[in-house]
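Biologist: Hi! Could you walk me through the charged side chains in this one?

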Amino acid sequence: MSAFEQLLLVQEQDTTIDQLEHRIANLPEREQVIELEGELSALAAETATVAEERHELEREQKRLEDEVALLEDKIARENAKLYSGEVTGVKELQALQDEIASLGRRQAQLEDEVIVIMEHAEPVDETLSQHADKKAAIEAKIGEVQKQITIIEAEIGAGLDDARSVRTDLVVDVPDDLLATYASIRDDTGGVGVARFTAGSCEGCHMKLSAMEVDRIKKESNDTIVTCDSCGRLLVR
């Protein structure tokens, strides 16, 4: 087999390698992971907004509960004072009772406000729970797709190893200067550096060469490097 025929076999392996490398770099599963990660990011932003709302409710509830606790302590002190016998005047006793009643009304008002906040918090907590479930589902899906990617990469990687191994064996019988020329042309022509010349046409660009060019090529010796005047690829006769 001539070096040019051998080079066609090298081209077959290079094409296979290119296709496998392109496939492994452009797996649709990768795009799926990106989309899922986008969903996760958007969900995180939504969750942060809802969580801040929940924290604001918590802060307000704690403020009210702290105020209720202070009122309870004050009412307890006032009651203790009322029944201690320290206050004996009718007006002073009445004023003390009025103060205790006022404090009690304020306590009841604050406790009602706490209940309202707790009611507002319920749907917020439900939303946060739904977000947590959705986050877990998305993360699980990402994990599944990444496992698929790992499996596919391994399968494609095995094919790449085989193609590269075959190519290594093939290039042994191709002269270095011819291989270098092929590689340069391949880079310039989008991956195909050599093509068969059949019936006056280049199978690389599928252009029919002029009769004069065909005649010139036929007169060249079999070991002469010939290129297509349309695409520049090496021609194997």
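Modeller: Happy to. Arg196 counts as partly exposed at 30% relative accessibility (partly exposed lies between buried, under 20% relative accessible area, and exposed, over 50%, with a 1.4 Å probe and protein chains only). This is a predicted model, where local features need pLDDT of at least 70, side-chain atom pairs count only at pLDDT 80 or more, and totals for chains, interfaces and linings use all residues. Residues are numbered from 1 along each chain as its sequence is written, and side-chain values use heavy atoms, with hydrogens and water left out.

Biologist: Which side chain meets Arg196 in a salt bridge?

Modeller: That is Glu5, at 2.9 Å, N to O (a salt bridge puts a side-chain nitrogen of Lys or Arg within 4 Å of a carboxyl oxygen of Asp or Glu). Glu5 lies in helix H1 and Arg196 in strand S1 (residues 194-198), so the pair ties together parts 191 residues apart in sequence. Helices (H or I, at least four residues) and strands (E, at least two) are DSSP runs, numbered from the N terminus.

Biologist: How many salt bridges are there by this rule?

Modeller: The count comes to 19. Asp14, Asp18, Arg167 and Arg186 are linked in a network of them.

Biologist: Is Asp14 buried or exposed?

Modeller: Asp14 is buried, with a relative accessible area of 5%. Asp14 lies in helix H1 (residues 3-25). Beyond its neighbours within four places in sequence, Asp14 is in contact (heavy atoms within 4.5 Å) with Arg167, Tyr182 and Arg186.

Biologist: New topic: what about Arg54 and Glu58?

Modeller: Their side chains form a salt bridge at 3.9 Å, N to O. Both lie in helix H2, four residues apart, about one turn of the helix.
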